[in-house]
Amino acid sequence: RGKNDFAGLRVLVTAGPTREPLDPVRYLTNRSSGRMGYAVARAARDRGAAVVLVSGPSSLPVPGGVGLVPVTTAAEMAAAVKEHFPESDVLVMAAAVADYRPAAVSPDKLKKRDGVLMLTLVPNEDILTDIASRARKPGQVVVGFAAETGDPRPAALEKARRKGVDLMVGNDVAQPGAGFDVPTNTVVFAYPDGRSEQLPEMDKYEVAWHLLDRVLTLRGGRGSC
Ligand code: PMT
C-alpha cells in the first residue's frame with residue numbers, strides 16, 4: 001500500500017503499558033502489548049511520515065525507520081511526549097498509561113508480613129489532557145484512545161470533550177478480537193462535536209490506516225479508505 005500522503009509530517013505515537021514500581025522487584029502495570037500503537041507507527045511510516053514512537057515495555061520489534069523512545073513509567077512517558085510534541089504535526093496516544101502509581105517506592109524489597117498489605121496509590125498526571133490544553137500549531141492534530149468495558153461510544157464521546165482532543169478512538173476491551181494484546185480491534189471514532197463512526201472488527205494496522213485517514217481530514221486534507 002504505497003501512499004505518500006504523510007510525507008513531510010511528523011507523527012508522535014505512544015504505545016504499550018507503563019510500569020509503576022513498588023520496590024526493586026515489583027510493579028503495577030496493565031495488559032497492553034503495544035500492538036495498537038506500533039500499528040499506528042508502522043502505518044504512518046508507510047505513508048511517508050517521520051515517526052517517533054514513545055513506548056512502554058513491549059516485546060514487539062521496533063518498526064524499521066521509526067525513532068524509538070523507550071520509557072517505563074507514566075512520568076517518563078509524560079516527559080518524552082512533552083519533549084517531542086512541539087515539533088510534531090500529529091500525536092496519537094495509544095498507550096495505556098497507568099492512572100495511579102504507588103505513593104512511595106521502597107528502595108529495598110518489601111518483606112512478607114502477616115495479614116493484609118495496604119498500598120497507597122497517588123494519581124498520575126493525565127498526559128493527554130495536559131497536551132490537548134496547550135496552544136496548537138496550525139493543523140496539529142491530537143488523537144487519544146479510550147479503553148472501555150461495554151459500549152465505548154458514550155464514554156469516548158465524553159472523553160473526547162473532556163480531554164480536549166480532536167478525535168478519541170473508543171474500544172471495548174472486554175470484547176473478543178478487540179482491545180489488549182490481540183491482532184485485531186473494533187473501534188468507534190468519537191469527535192468532540194458529538195459525531196461518531198463505528199468501524200467493524202479489523203486488523204490493528206487497518207484500524208491505524210483508517211485513523212490516519214481521519215487525521216488528514218481533520219487537517220483539512222483528503223483521506224482515503
Ligand atoms: O497495546 P495493545 O495490546 O494493542 O492494546 C491496545 C489498547 C487497548 C491499549 C489501546 O487500544 C487503547 O485503548 N489505549 C488507551 C488505553 C487507555 O489508557 O485508555 P484510557 O481511557 O484510560 O485513557 C484515555 C486516553 O488518555 C488514552 O489516550 C491514554 O493514553 C491517555 N492517558 C491516560 C491516563 C494518563 N495518566 N495519561 C494519559 O495521557
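Visitor: Why is Lys159 called buried?

Guide: This is a predicted model. In it, Lys159 has 22 other C-beta atoms within 10 Å. The cut-off for buried is 20 or more, so Lys159 counts as buried.

Visitor: Where is Lys159 found, and what is in contact with Lys159?

Guide: Lys159 sits in helix 4, residues 152-163. Leaving aside neighbours within four places in sequence, Lys159 is in contact with Gly144, Ala146 and Met168.

Visitor: Why does Asp99 count as partly exposed?

Guide: Asp99 has 13 C-beta neighbours inside 10 Å. Exposed needs 12 or fewer, and buried needs 20 or more. The value 13 falls in between, so Asp99 is partly exposed.

Visitor: What is the place of Asp99?

Guide: Asp99 lies in the loop between strand 6 (90-93) and strand 7 (100-102). Beyond four places in sequence, Asp99 is in contact with Pro123 and Asn124.

Visitor: Which residues does UniProt list for "binding site"?

Guide: The unreviewed UniProt entry lists Asp99, Lys109, Phe145, Lys159 and Lys163. They are spread over 65 residues of sequence, and in space up to 37.9 Å separates C-alpha atoms.

Visitor: What makes up the shell around the ligand?

Guide: By class, the shell has 14 nonpolar, 8 polar and 5 charged residues. Of the 27 residues around the ligand, Ser33, Arg35, Ile127, Gly144 and Phe145 come nearest.

Visitor: Which elements supply at least two residues of that shell each?

Guide: Helix 1 (35-46), helix 3 (127-132) and strand 9 (141-148) do. Strand 9 gives the largest share, 4 residues.

Notes:
Residues numbered from 1 in each chain as written. Predicted model: local features only at pLDDT ≥ 70, side-chain atom pairs only at ≥ 80, totals over all residues. UniProt positions renumbered as here; feature names shortened; annotations may be inferred. Contact = placed C-beta atoms within 7 Å. Near = placed C-beta within 6 Å. Nonpolar A, V, L, I, M, F, W, Y, C, P; charged D, E, K, R; others polar.
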